[in-house]
Amino acid sequence: MDFITLLSYLLGAAVVAFIILCIAIYIISETYPKIQVYDSEKFFKNVSEGKEVEFPSITDQPTKSLSVIIPAYNEENRLPIMLEECMGYLEKRRENDVSFEYEVIIVDDGSRDKTTEVGLSYSKKYGSDKVRVLTLAKNRGKGGAVRLGMFRARGRLLLFADADGATTFSELNKVEASIKTLCKAEVRDISEALAVSCGSRAHLEEDSVATRSAFRTVLMYGFHFLVWLLAVRGVRDTQCGFKLITRRAARVLFNSLHVERWAFDVEMLFLAQSLGIPVDEVAVEWNEIEGTKMTPVLSWIEMGLDLFIIWLRYTLGAWRIKGDITTN
């Protein structure tokens, strides 16, 4: 068997294998996400009254200006630092603007440490109307935690922010100005507009490359290229954990979200662009914080595989967009 014949045979075998893979993926995929909610996840603890109270639903009318969703997994050490800055900013803003009403929802993603207890201490300090803790019955992953927090929020605008506090919280002003610009000509009630504003670290990339190994730099650029090729165009930093979303956009996007782990941001932005929802990217102040749960090389490889699966499943029609929530 000559080289050309062998090469043709191998290419044919690869094509057949890929077709079989596509058929298998199509068969085993859930067309729409099945969102499981345990009974305990429908309630939060009202510390002052010492009783369990049912969370509201994102399908209800908003009663707050802003909801801050903080996904947290084993964050008893880093969470207090983030919350001090977050609550300090929000309380000061409330003092200067009595019409500004906010809430913070800490989503304990099945932690094994005292993350819930830390959250409840802030609920006790500020009151359960301002700070609530949603303790998940089991670990869902960051995307799953953010989704369930969003579904329990009361805000017109919903921000999800990482528990490490890497993004300076006052940068909320920038993403808020961005989303208001996106929504200006759309609807009078911003909660019913469709828009996403992403905090971004892309402006810091040049400095970060100087401190990374060549291998990690290649992986980083490779991941960015895959994001651009397979999923999201026009957003340089899809992974920054500081994104502001209108209430209606949150209902639409998180109701269709399949990925519950690290790559959920990419799928969320892919869905937004597929539906024509305006997306903006805003440079924010960001600092490296010790204690990350991500292993850079392994996490990038995993997210690269997730990107391929996201692209393949939507291309095949194995995953479809569910749209807005009509019931809780």
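User: In this predicted model, how many bridges join strand S6 to strand S8, and which way do the two strands run?

Analyst: As a general idea, strands of a sheet pair through backbone hydrogen bonds, in either a parallel or an antiparallel manner. Here strand S6 (residues 155-161) and strand S8 (residues 242-246) run antiparallel and are joined by 5 bridges; along this pairing, Leu157 stands opposite Thr246 in S8.

User: Which helices pack on the sheet beside these strands?

Analyst: Helix H4 (residues 142-150) packs on the sheet, where it touches strand S3 (64-72), strand S4 (102-108), S5, S6 and S8, and its direction makes about 155 degrees with that of S3. Helix H8 (residues 247-256) also packs on the sheet, touching S6, strand S7 (196-200) and S8, with its direction at about 105 degrees to that of S8.

User: In what order do the strands of the sheet lie, and which are the edge strands?

Analyst: The open sheet is formed by 7 strands in the order S5-S4-S3-S6-S8-S7-S9, with mixed pairing. Its edge strands, each pairing on one side only, are strand S5 (131-135) and strand S9 (279-283), and from one strand to the next the twist averages 20 degrees.

User: Turning to the surface, is Ile27 buried or exposed?

Analyst: A residue counts as exposed when its relative accessible area is over 50%; Ile27 has 64%, so Ile27 is exposed. Ile27 has its place in helix H1, and belongs to a nonpolar patch on the surface formed together with Val15, Ile19, Ile23, Tyr26, Ile28 and Leu316, with about 680 Å² of accessible area together.

User: Which helix gives the most to the nonpolar patch?

Analyst: Helix H1 (residues 3-28) gives the most, with 6 residues.

Notes: Residues are numbered from 1 along each chain as its sequence is written. This is a predicted model: local features need pLDDT of at least 70, side-chain atom pairs count only at pLDDT 80 or more; totals for chains, interfaces and linings use all residues. Side-chain values use heavy atoms; hydrogens and water are left out. Two strands pair if DSSP finds at least two bridges between them. Helices (H or I, at least four residues) and strands (E, at least two) are DSSP runs, numbered from the N terminus. Axes are lines fitted to C-alpha atoms, for helices over the stretch in contact, and angles run from 0 to 180 degrees between N-to-C directions. Contact means heavy atoms within 4.5 Å. Patches are made of residues with over 30% relative accessible area and no salt bridge: like charges are joined within 9 Å, nonpolar side chains (Val, Leu, Ile, Met, Phe, Trp, Tyr) within 5 Å. Accessible areas come from the Shrake-Rupley method with a 1.4 Å probe; for residues, only the protein chains shown count as cover. A salt bridge is a side-chain nitrogen of Lys or Arg within 4 Å of a carboxyl oxygen of Asp or Glu. Buried means under 20% relative accessible area, exposed over 50%, partly exposed in between (1.4 Å probe, protein chains only).
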